[in-house]
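Good morning, and thank you for coming. I shall describe how the secondary structure elements of one chain are arranged.

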Amino acid sequence: MTFGEQPAYLRVAGDLRQKIVDGSLPPHTRLPSQARIREEYGVSDTVALEARKVLMAEGLVEGRSGSGTYVRERPVPRRVARSGYRPDSGATPFRQEQAEGAARGTWESHSRQVEASGAVAERLGVQPGDRVMCTQYVYRDGGEAMMLSTSWEPLTVTGRTPVMLPEEGPLGGMGVVERMAAIDVVVDNVTEEVGARPGLAEELLLLGGVPGHVVLVIQRTFFASGRPVETADVVVPADRYRIAYHLPVK
């Protein structure tokens, strides 16, 4: 294969992808069978199968048991707006994670004490095995799960205080900034790092994705005078949402 030449299965996948994009193969249309692809493109069964696998991994088609492979409906991406921490009094958890003023939604959460893993301990500046409060959220927009979040707070900061449980007590459901201020911890900085990876099976089950779908992961950490006081992983389906940042100009 010369430089720049694509393998046959990628050329076939590319042509089928273009037909899906331009509407020649509209949503819910059955993808040509393996035999049809083999005949139409003059390739082997192996090449035809690999081309179909590429389209499935890209989330463009889906298999239906006993029926074949069909073109998936392509969602129009919506925005998840972010603008750092928001100290607005009374902000709900949904609004804390989505800065868009018109955003409205519901959420479910569950908190439990766990031992910090090596990765979480590094992010929080504590020792592996130290006790932290782990809270898992499912955010819904119009009933549809659109975002997951797992946060960790060191119990050396919040333990035995009224804000130890993020969703309970007098400040339950308020933002990190407001909760920390109640125990005289002043949050003065937040960092967010955005990456992408294949979704975990349990994430895709909640978010309505299929194996192979990519998710965006926002790794967020709140700081008070350089000390991490909360860190979280926010997971969003990459095919349905875009991350939009609103950054002030100083």
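**Sheet, hairpin and helix pair**

The chain contains an open sheet of six strands, ordered β4-β5-β6-β9-β8-β7, with antiparallel pairing. Strands here are DSSP runs of E with at least two residues, helices are runs of H or I with at least four, and both are numbered from the N terminus; two strands pair if DSSP finds at least two bridges between them. At the edges lie β4 (106-115) and β7 (189-198), each pairing on one side only.

This is a predicted model, in which local features need pLDDT of at least 70 and side-chain atom pairs count only at pLDDT 80 or more, while totals for chains, interfaces and linings use all residues. Residues are numbered from 1 along each chain as its sequence is written, and side-chain values use heavy atoms, leaving out hydrogens and water.

Within the sheet, 10 bridges join β4 to strand β5 (residues 131-141) in the antiparallel sense. R112 stands opposite C134 in β5.

Next, the hairpin. Strands β1 (residues 61-64) and β2 (residues 68-71) run antiparallel and are joined by four bridges. G63 faces T69 in β2. Three residues lie between the strands, and G66 takes a positive phi near 75°.

Finally, which residues of α1 meet α2? They are V12, D15, L16 and K19, and their partners in α2 are I37, E40 and Y41; contact means heavy atoms within 4.5 Å.

The UniProt record, an unreviewed entry, annotates residues 6-74 as "domain: HTH gntR-type"; such annotations may be inferred rather than shown by experiment.
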